[in-house]
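Visitor: Could you take me through one part of this model up close? I would like to look at the charged side chains and what surrounds them.

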Amino acid sequence: MKTTILSLLSVVTATVASAQTPTMTCERLGAMTLAGGSVTSSVTVPAGQFAPPQAGRGGRAAVANPYADVRAFCRVMAQLKPSADSDVRIEVWLPVNGCNGKLQVVGNGGFAGAIG
């Protein structure tokens, strides 16, 4: 599984580096082939327009949009299956322009199912 995730990060890093070329678009990332997985969605989210999934029971009350100041980004979702009994879902947000070349990875271990 580490190999699959590292290969995806390598592809993403290369994509960010080449994002300035006119041939690479966010939507074209959806056609990428991944060893042991697949890209399930790739869409451009306009600045300040991200709408997170609705909270379930016990969710927070309505608050001001915490994503109002987020720049436009490419939202890439993938499903990784490095083994027959695995089902790893990941999401990567790539800036549409003005990338500083840095990568921040957030996650959690175990079987938590959500990032707090």
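Guide: Happy to! A salt bridge here is a side-chain nitrogen of Lys or Arg within 4 Å of a carboxyl oxygen of Asp or Glu. Please keep in mind that this is a predicted model. By that rule, there are two salt bridges.

Let's start with Arg75 and Glu91, whose closest N and O atoms are 2.7 Å apart, making them a salt bridge. Arg75 sits in strand 3 and Glu91 in strand 4 (residues 88-95), so this pair links distant parts of the chain, 16 residues apart.

Now back to strand 3, for its aromatic side. Phe73 lies in this strand, while Phe50 lies in the loop between strand 2 (37-45) and strand 3 (73-80). Their rings form a tilted aromatic pair, 6.0 Å centre to centre with 55° between the planes. Because of where the two residues lie, the pair ties together parts that are 23 residues apart in sequence. Both Phe50 and Phe73 are buried. The structure holds five aromatic pairs, and ring pairs link Phe50, Tyr67, Phe73 and Trp93 into a cluster.

How values were computed:
Residues numbered from 1 in each chain as written. Predicted model: local features only at pLDDT ≥ 70, side-chain atom pairs only at ≥ 80, totals over all residues. Heavy atoms only, no water. Phe/Tyr/Trp six-rings, centres within 6.5 Å; stacked < 30°, edge-to-face > 60°. Helix = DSSP H or I, 4+ residues; strand = E, 2+ residues; numbered from the N terminus. Buried < 20%, exposed > 50% of the residue type's maximum accessible area, 1.4 Å probe, protein only.
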